[in-house]
Amino acid sequence: MRWLALFALLIASAAIAPAQAAENPLCKLFTQKEASAYVGATVGEGESSLIPGASGCSWSNEDADNKMSVSVFPAGNALQLKAWGFESWEGFRSVPGIGAKAYVARSPVMEIMGRKMGGEWQAGAIVGNDYIAVGMKGPKANADAVQSLLKDAIGRRR
């Protein structure tokens with residue numbers, strides 16, 4: 001399944017290629033305290049991630065499996081939701097009024113190299129020339145919370 005390969009690539013890229021968060025404007029969108037409030041548990045400072053064809057930042061506590069992320073891709077690279085099978089993900093729904101192809105869904109849990117990954121609530125939308133994607137995993141993570149995070153991230157980027 002192509003979406004599984006993409007998800008594994010994104011996870012691996014984020015883990016392998018951290019960059020300097022101080023220079024990444026996405027890491028300046030939210031403070032550690034704000035990210036922790038969204039997730040409902042303490043997360044670390046924003047860490048810049050090199051994602052092929054995009055920029056990203058994540059706030060996480062790997063030990064507790066809590067995380068919040070914001071990524072921006074060129075709109076032309078936006079995931080084709082039907083082709084990648086997002087519609088079969090738990091809680092998938094289109095979200096009107098945020099941007100083109102806006103959606104909310106929960107990624108499936110999978111095991112990669114003996115480690116369980118996924119189960120993260122995600123939301124994304126095309127806004128202007130960008131495809132903005134956010135994700136969260138933690139006590140407060142749900143479809144409504146990740147939709148709110150997406151709206152907040154879009155607003156803060158303006």
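Ala75 is in contact (heavy atoms within 4.5 Å) with Ile126, Gly128, Asn129, Asp130 and Tyr131, leaving aside its neighbours within four places in sequence. The residue sits in the loop that runs from strand E4 (66–74) to helix H3 (81–84); helices (H or I, at least four residues) and strands (E, at least two) are DSSP runs, numbered from the N terminus. Between the C-alpha atoms of Ala75 and Ala100, 25 residues apart along the chain, the separation is 9.7 Å.

This is a predicted model, in which local features need pLDDT of at least 70 and side-chain atom pairs count only at pLDDT 80 or more, while totals for chains, interfaces and linings use all residues. Residues are numbered from 1 along each chain as its sequence is written, and side-chain values use heavy atoms, with hydrogens and water left out.

The structure holds five salt bridges, each a side-chain nitrogen of Lys or Arg within 4 Å of a carboxyl oxygen of Asp or Glu. One of them joins Glu34 and Arg156 at 3.0 Å, N to O. Glu34 belongs to helix H2 (residues 32–39) and Arg156 to helix H4 (residues 143–157), so the pair ties together parts 122 residues apart in sequence. Arg156 also meets Asp152 in a salt bridge of 2.9 Å, N to O; these two are four residues apart in helix H4, about one helical turn. Shared partners join Glu34, Asp152 and Arg156 into one network.

Arg93 and Asp144 form another salt bridge, with their closest N and O atoms 3.2 Å apart. Arg93 lies in strand E5 (residues 90–94) and Asp144 in helix H4, so this pair links parts 51 residues apart in sequence.
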